[in-house]
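Morning, everyone. I have one structure to walk through, and I will keep it brief. Please bring it up on your screens.

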Amino acid sequence: RRKAMALVAYLAVTGQSHRRDSLVDLLWPDSDASSGRAALRRTLFALSAAIGADWLDADREEIGLKPGTEVWVDLIQFRRHLAACQTHGHPSSEVCPACVEPLTEAVALARGEFLSGFSLKDSFTFDDWQLFQAELVHRELAEALDKLARWHSAQRAFEPALGYARRRLALDPLDEDAHCQLMRLHAWSGRRSAALRQYQDCVAILEDQLGVSPQEETANLYNDIQQGRAPPLPDRA
């Protein structure tokens, strides 16, 4: 039952109990209160049969996962790793040596879009929540990849930096900053031709998808690399 899958995903990701009426609105937005609550009871029965009643904490008003239940959720672990970096006493935009391990573990968990391939054709409210979560995870992953690319660049470890920068660009091929990051990394690692090709890829995709040219800063970076002027190396961390 797809509604049962959606319910357990919602409970696990939000990490809290929810009123039955709000769950009815989430999963059966077009149903009246009586039929929606009946559908929720049937879904709870199916879910209990599938994962066991001991996992659920359900009363007449609220439903959640039982406190202390050992549920491993990749998204929760991903965010715990990111949150660990907020305890190191520096601005969230910066990276310190202690950030590298949790950031690396976080991005290793990201293997696809949030609930990729899953949807509920008759529940626009759940689909809206799923889309919001997918966009949030997308931003969180892009930021983590950018931090790792910058950190390894500062260590002059350009190969791993290139890997993270490529993943970042793959998330959004229209992101000019991601193209520039790859151009710099190619130039720093002695791959001038690859840096120039990256600019041409940027030009092509922006023209094809948006009908625009790269920004002046991107074009200036290309001209500098083309004329043999490598961009300044980042400060060592």
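Start with the contacts, meaning heavy atoms within 4.5 Å. Of the contacts with a separation of 6 or more, 61% join residues 24 or more positions apart.

Two notes on the source. This is a predicted model, where local features need pLDDT of at least 70, side-chain atom pairs count only at pLDDT 80 or more, and totals for chains, interfaces and linings use all residues. Residues are numbered from 1 along each chain as its sequence is written, and side-chain values use heavy atoms, with hydrogens and water left out.

Now the overall build. The protein has 10 helices and three strands. Helices are DSSP runs of H or I with at least four residues, strands are runs of E with at least two, and both are numbered from the N terminus. The order along the sequence is α-β-α-α-β-β-α-α-α-α-α-α-α.

How about dimensions? The C-alpha atoms fill a box of roughly 70 × 40 × 25 Å along the principal axes.

Next, burial. Buried means under 20% relative accessible area, exposed over 50%, and partly exposed in between, with a 1.4 Å probe and protein chains only. By that rule, 42% of the 237 residues are buried.

Look at helix α7, residues 158-171. Its 14 residues reach 20 Å from first C-alpha to last, close to the 20 Å expected at 1.5 Å a residue. The expected span is 1.5 Å times one less than the number of residues. Which residues of α7 are buried? They are Phe158, Ala161, Leu162, Tyr164, Ala165, Arg168 and Leu169. Their cover includes α5 (97-109), α6 (124-154), α8 (176-188) and α9 (192-209).

Leaving aside neighbours within four places in sequence, histidine 152 contacts Ala157, Pro160, Ala161 and Tyr164. Why does histidine 152 count as buried? Because its relative accessible area is 15%.

Most residues other than glycine have a negative phi. Leucine 115, in the loop between α5 and α6, has a positive phi near 50 degrees. Arginine 156, in the loop between α6 and α7, has a positive phi of about 65 degrees. Leucine 115 is partly exposed at 26% relative accessible area, and arginine 156 is partly exposed at 25%.
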